[in-house]
Amino acid sequence: MIQNELSRRRLLGLGVGLGAAASLTLAGCGGGSSSPDRAGSAGNGGKDYTGPKVDLKLWNGFTGGDGEIFKTLVQQFNTEHQNIAVSVVTYEWADYYSKLPGAVSSGSGPDIAVMHMDQLATFAARGTISELDDVAKTLELSEGDFAPTVWKGGLYNEKRYGIPLDMHPLGFYYNKAVMQKAGLDPEKPPTTRDEYTAALTELKKSGVQGFWVSPFQFTGGMTFYSLLHQWGGKLFDDEVAKATFNSDPAVEACTWLVDLIKQGHSPANVGQDADYLAFKSGKNAFNWNGIWQINDLKKSPNVQWGVAPLPQIGSQQAAWANSHNFTIVKQRSANENKVAGAKVFINWLSEHSLDWAKGGQVPARKEVRESAEFKALTEVNALAPELEYAAFPPAAPGLGEVILTFYNAFNEAALNKKSPKQALDDGVAKANKQLEDNRKKYGN
Amino acid sequence: MADVIEVGAARNDAPPPAGRTRRRGVTERGNRSTPYLFLAPYLVLFGVFGLAPILFGVWISLHQWDLQLPNRPFIGLDNYQDLFSSDSAIYGDWWSSVRATGIFTLFSVPLLVVIPLGLALLLNRSFPGRTFFRAAFFAPYVLGVAVIGLLWRFLLDANLGLVNRVLGAVGLPSDTPWVTDVPWAWISLVGVTVWWTCGFNAVIYLAGLQDIAPELYEAAKVDGAGGWDRFRHVTIPGLRPVMLFVLTTTILASANVFGQALLITQGAPGEQTRTVVWRIVDEGLRDYDAGRAAAMSVFFALMLAVVSVVNFRLFRYRED
């Protein structure tokens, strides 16, 4: 076992070395003290930190415009806190999640890690991140301060592992110029199924395929995810033991979406990003896309666009959403001061999440969301109502790969390789095997 | 110093070295360890970064191995059995990825062996602008897979891409789903890879062609051999070792296809263009199941070893 540990560390050291070389370090290096005390209830839960100076490493996946805003916030924090120096390392999200476990087990991982809500359970079950119940308690954060779904998403086995920073739902983007050309009122985007199909018919008459259906996770898969919930379906049963995305509502939702291609409202074989590029160049009128595109569209003055909550196509409102959470990484040798400092940082950034909203995300904290300053951020604020009915992915360890199976099933349906029913049935069969594997692996 | 002289002495046309007897003892003693000393730097690197990881990988493949979960039970050949039992969660994905890599290799290797040979023959002639063309054909190879992947994904896009636009302009079908449906996705992947890497193989052939003595061609000509005969009886035999190298490295490179599929087709439709290496990366680094990923790697390496051995045997047989 000891030998294994050693070789494992040596192997992983390689990858981490490469990662560190690519890192963006803001703060300089100082001498962090290392008292070998136990972590867990370190510090006073993030109220303040008066100990010796600590250096904290933070990892995130904010590679877009949001990354700059995040770094500015960190710089501000560092100037306000002389005894805490936070340095930021940014990876692509996909690389990020594959690098993190190795880095942590080799002892070169970060102190604070930003994580999507649906990844929390996986990393909590794997013992990568520590419990944060005391942070929530000391800071008197409770469900009331956050949107309930987002707040509950930070829990795993009734313990808190993540402090939510924001939520990012799918929004309904509409190209005003294209709508105008088709004789539609660009200030009145469709909100119901009838309005939506009527608008698509008008667009078709003007020679525009109005709603390009992408077969990929971004954005077609997330569109289908939203519609499935609008039809009243669920991806999994309540215990996340069985996949249910082949239920009748799911098949109906999928059929509705795929039929748009057959009816000529979308071209077939839409490529990755082609739906969004067509939207920007005036070949596509409607695009259901992430809230993060607001910043990109703001940089394109030629595009006349608007954003609204997703129209209600099914029997209820629903929208795909996810949330960024702060987590504290468990270290091989725990350092109480570092944990205490990390909690101060998390609390501070949570309070300053209005600035984060300017990065194109809805702040998780209610007081920030209800402030006048946030309301002034017109576009981001337009999507805040979706918080009430946002459909977040469920919390279960190892669910990431199972959700990819869901997206792949949709891919086959949207590319007309299989009928919606067949594609979803096959997907569910595979997902159930994956869920069973996960149960064996994580033991629940 | 003594070694240099000894090497010189091995040549038939070299003059007898001076001071041979005086230094003989030293040289002979050096002889025994010298080869190993020269081999040592590589041997150490190979041991640490080649052999040890391979053995460790085999060891991992016999366990239910997760980088972080403390419990790593020994499960014997279960990981291998999962690859062959249709009840396991990975069976379908695994064999579909083997199929994808197989298709890609089957179509890309012949093209990558033949087209560069043709290119090399053309570039070996003397004509104005030869250096320019040599550089032009090699140029794509210096680009990274991310660059060519993104570039071609947008060029090949069914609805917005330049390729379909151009095809439409000349009266051909303009709605071919180059990256989202088979067989088109395979044509795209193989085509892009040939465009990307054929310059490399061509340069190797070119070096091989320049190694063939011109006298052989002259002699063949005197004996009345035509262009085809000269190619068949002088060029091909002269290139045999080079061809073996090109074929072996091309098969291995094609079997390792990953970046093109990830970026250009993203596995679509469904998972049909998801390749073996991609599957192994997902299993090991996305799903953190190092045991299964290692079993896949070992099995895949064995398959490639068999192919390579057959390959060598085939060429050696012909030589005899």
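How many bridges pair β7(A) with strand β9 (residues 305–308) of chain A, and in which sense do the two strands run? The legends below take up this pairing in the first view.

The model is predicted: local features need pLDDT of at least 70 and side-chain atom pairs count only at pLDDT 80 or more, while totals for chains, interfaces and linings use all residues. Residues are numbered from 1 along each chain as its sequence is written, and chains are lettered from A and ligands numbered from 1 in the order in which they are written.

**View 1. Strand β7 of chain A and its partners.** β7(A) and β9(A) pair in the antiparallel sense over 4 bridges, with A:F172 opposite A:A308. Strands are DSSP runs of E with at least two residues, helices are runs of H or I with at least four, and both are numbered from the N terminus; two strands pair if DSSP finds at least two bridges between them. Strand β8 (residues 286–290) of chain A is joined to β7(A) by 5 antiparallel bridges, and A:N287 is the bridge partner of A:Y173. Strand β10 (residues 319–322) of chain A runs antiparallel to β7(A) with 2 bridges, A:H168 standing opposite A:N322. Strand β12 (residues 362–363) of chain A is likewise joined to β7(A) by 2 bridges in an antiparallel arrangement, and here A:M167 faces A:V362. In β7(A) (residues 166–175), 10 of the 10 residues are buried, so the strand is largely enclosed by the rest of the structure. A residue is buried if 20 or more other C-beta atoms, placed from the backbone, lie within 10 Å of its own, exposed if 12 or fewer do, and partly exposed in between.

**View 2. An open sheet of chain A with a helix packed on it.** The sheet of chain A has 5 strands in the order β2-β1-β3-β11-β6, with mixed pairing. β2 (84–90) and β6 (163–164) of chain A stand at the edges with a single partner strand each, so one side of each is left without a neighbour in the sheet. Helix α13 (residues 336–351) of chain A packs on this sheet and touches β1 (54–60), β2, β3, β6 and β11 of chain A. The direction of α13(A) makes about 55° with that of β1(A); axes are lines fitted to C-alpha atoms, for helices over the stretch in contact, and angles run from 0 to 180 degrees between N-to-C directions. Within the sheet, β3 (residues 112–116) and β11 (residues 324–328) of chain A are antiparallel and share 5 bridges, with A:V114 opposite A:F326.

**View 3. The two domains of chain A.** Chain A is divided into domain 1 (2–165 + 323–351) and domain 2 (170–321 + 394–442), with bounds that come from an automatic or database domain assignment. Their contact takes 12 residues from domain 1 and 9 residues from domain 2 of chain A; two residues are in contact if their C-beta atoms, placed from the backbone, lie within 7 Å. On the side of domain 1, α2 (65–80), α4 (117–125) and β4 (155–156) of chain A give two or more residues, and α4(A) gives the most, with 6 residues. That side of domain 1 has 5 nonpolar, 5 polar and 2 charged residues. Ala, Val, Leu, Ile, Met, Phe, Trp, Tyr, Cys and Pro count as nonpolar, Asp, Glu, Lys and Arg as charged, and the others, Gly among them, as polar.

**View 4. Crossing of helices α9 and α18 of chain A.** The axes of α9 (residues 217–230) and α18 of chain A come within 10 Å and cross at roughly 95°. The two helices are therefore roughly perpendicular to each other (65 to 115 degrees; under 35 is roughly parallel, over 145 roughly antiparallel, and the rest oblique). A:Q217, A:G220, A:G221 and A:F224 of α9(A) meet A:Y407, A:F410 and A:A414 of α18(A). These residues divide into 4 nonpolar, 3 polar and no charged.

**View 5. The contact of chains A and B.** Chain A contributes 29 residues and chain B 25 residues. On the side of chain A, α1 (2–21), α3 (93–105), α11 (274–280), α18 (399–414) and α19 (420–442) each supply at least two residues.

**View 6. Helix α12 of chain B.** In α12(B) (residues 276–286), 8 of the 11 residues are buried, so the helix is largely enclosed by the rest of the structure. Among the buried residues are B:W278, B:R279 and B:E283.
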